[in-house]
Amino acid sequence: KIYYDADADLGLLSDKTIVFLGFGNQGAAQAQNLRESGIPNENILIANRVDAYAEDAKSKGFRVEHDFGKAGEVADVLFLLIPDQAQPRVFNEQVAPRLKPTAAVVIASGYNVFFKLLNFQATQDVIMVAPRMIGSSVRSLYVKGKGFPCFVSAEQDGTGQALPIALSLSRAIGATRAGAIASSAKEETMMDLFAEQALWPNIIVLFREAFSVLKEAGCSDEALCYEMWMSKEPAEIFERAAEDGFVDQLKHHSTVSQFGQLSGALALDGAATREQFKQILYNQVLNGKFCSEFSQIEEDLEKEGDANPLNVLYKRSESMELAQAEKRVRARLAGLV
Ligand code: NDP
C-alpha cells in the first residue's frame with residue numbers, strides 16, 4: 001500500500017510537542033521540513049548535546065534542549081535520529097525512563113526495533129518513518145516541492161492512533177507527496193542488512209577480481225580505474241535503471257554490449273550465489289547473529305587507531321590491488337594539475 005497526502009491529517013499534530021533527538025543528517029532535514037509544513041516552531045524542540053549540531057539548530061531558529069531526559073518528559077512525539085549504534089544506550093538510559101506513557105517514538109531505521117534493543121512501554125506508539133534518501137536530499141526535494149521515497153509503519157499501537165500519527169508525520173516531513181510505502185521494521189532491516197552484508201560485498205568482490213584478472217592480462221591502472229568506475233559509468237547505468245527500467249536501460253548501450261550482457265547473464269548459473277545469499281539472510285541477518293556480534297564491538301567504534309575495528313577493516317581493504325592502483329592513479333592525476 002502507498003499512502004499519499006490525502007491519507008494524512010496534519011491536524012492530529014496541532015497540539016503535540018515534537019522532539020527531535022539528534023540534529024544530524026536526518027534530524028536537521030526532517031525538523032525543517034516539518035516546520036515548513038505548518039507545525040509551529042514553539043511545538044518543536046531539538047535535543048542535542050552541546051556542540052556544532054546544537055549551534056546549527058539554534059542558528060536555524062529552533063529551541064534546543066541539551067538534557068535528553070528533560071526533552072523526553074515533554075515529548076508527545078519523539079523522533080529518534082541519532083546513529084543506530086548509539087540509540088539503545090542513549091534512549092534506554094536517558095530518555096525512556098522519563099518519556100510520557102502515551103508518547104509516540106519515531107524511528108528512521110528498523111534495526112533497533114526489529115532486534116528489540118529499545119525499551120518501550122506497551123502504552124506507547126512506535127512508528128517507523130524511514131526515508132530512502134540521505135538527509136540533504138530529504139531537505140532539497142522538499143524545498144523543490146517534491147517528495148521522496150519513504151517507508152512507513154506502525155510497529156506498536158499503544159494509543160490506537162499509531163498509524164494516523166505515522167501518516168501525519170510522514171506528510172509533515174514531505175514523504176507522502178510522492179507516496180510513502182507501507183513497510184515494517186522487519187522488512188526494512190532485512191533489506192538493508194542484506195544489501196550491506198550480501199549484495200554489496202559481492203559487488204566489491206566482483207570489481208576486485210575483475211580488476212586483478214584484467215591487470216594480469218596487461219591492462220593499465222589508469223585504463224582500468226576509468227573503465228570500471230572513475231568515468232562514473234556504473235553510476236549512470238543505475239541512474240538509467242531507476243528511470244527506464246533495470247533491463248530496459250541496456251537499450252542505451254551498443255548492440256555488442258546489449259548482446260554480451262544479456263546472453264552472459266542468462267548463461268550464468270546463480271545457484272551458488274543464491275545459496276550464499278540465503279545463508280547470509282537467515283543465518284546472519286534474521287537470526288540476530290550479526291546484531292549480537294555488532295553490539296559487542298559497538299563501543300569500540302568510537303576509539304582511535306587500531307583499537308577501532310572499522311579502522312582495521314579499512315586498513316585491510318587498502319591492501320587490495322584495486323585500491324593500491326587507484327591510489328597510484330590519483331597521485332599521478334594530482335601531479336598533472
Ligand atoms: P547522524 O550521524 O547524522 O546523527 C548525528 C546526530 O546524532 C547529531 O545530532 C549528533 O549529535 C547525534 N549523536 C551522535 N552520537 C550521539 C551519541 N552517542 N549521543 C547523543 N547524540 C549523538 O545520523 P543520521 O541522521 O545519519 O541517522 C539518524 C537515523 O536516521 C538513523 O536511524 C539512521 O539509520 C536513519 N537514516 C539515515 C539516513 C542517512 O542518509 N544518513 C537515511 C535514512 C535513515 P552530537 O554532535 O552531539 O554527536
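Me: What should I know before I start reading?

Reply: Residues are numbered from 1 along each chain as its sequence is written. The model is predicted, so local features need pLDDT of at least 70 and side-chain atom pairs count only at pLDDT 80 or more, while totals for chains, interfaces and linings use all residues.

Me: How many helices and strands are there in the protein?

Reply: Helices (H or I, at least four residues) and strands (E, at least two) are DSSP runs, numbered from the N terminus. Here the protein has 15 helices and nine strands. Its C-alpha atoms fill a box of roughly 70 × 45 × 45 Å, taken along the principal axes.

Me: In what order do the strands of the sheet come?

Reply: Two strands pair if DSSP finds at least two bridges between them. In this model, nine strands form an open sheet with mixed pairing, in the order β1-β9-β8-β7-β6-β5-β2-β3-β4. At the edges are β1 (2-3) and β4 (63-65), each pairing on one side only.

Me: Which way do β2 and β3 run, parallel or antiparallel?

Reply: Strand β2 (residues 18-21) and β3 run parallel and are joined by four bridges. V19 has L45 in β3 as its bridge partner. Elsewhere in the sheet, β6 (residues 104-107) pairs with β7 in the parallel sense, also over four bridges, and A104 stands opposite D125 in β7.

Me: Which residues of β3 point one way, and which the other?

Reply: In a regular strand the side chains alternate between the two faces of the sheet. Strand β3 (residues 44-47) sends I44 and I46 one way and L45 and A47 the other way, and all are buried. A residue is buried if 20 or more other C-beta atoms lie within 10 Å of its own, exposed if 12 or fewer, and partly exposed in between, with C-beta atoms placed from the backbone. Buried residues make up 28% of the 337 residues in the protein.

Me: Which residues touch the most other members of the largest nonpolar core?

Reply: A nonpolar core is a set of buried Ala, Val, Leu, Ile, Met, Phe, Trp, Tyr and Cys residues joined through C-beta atoms within 7 Å. The largest one has 63 residues, and V19, L21, L78, L80, V106, I127 and V129 touch the most other members. Two residues are in contact if their C-beta atoms, placed from the backbone, lie within 7 Å. Not counting residues up to four places away in sequence, V129 touches residues including V106, A108, C150, V152 and A166.

Me: Which residues of helix α6 are buried?

Reply: An α-helix has 3.6 residues a turn, so residues three or four places apart point the same way. In α6 (residues 135-143), the buried residues are V138, R139, L141 and Y142. They pack against α1 and β7.

Me: Which residues are closest to the ligand?

Reply: A residue is near a molecule if its C-beta atom, placed from the backbone, lies within 6 Å of it. The ligand is surrounded by 22 residues, and the closest are G24, N25, Q26, R49 and S109. Two or more residues of this shell come from each of α1 (25-36) and β7, and α1 gives the most, with three residues.

Me: How is the protein divided into domains?

Reply: Domain bounds come from an automatic or database domain assignment. Here they are domain 1 (2-183) and domain 2 (188-336). Their centres, taken over C-alpha atoms, are 32 Å apart. Domain 1 gives 10 residues to the contact and domain 2 gives six. On the side of domain 1 that touches domain 2, α5 and β7 are the elements that give two or more residues.
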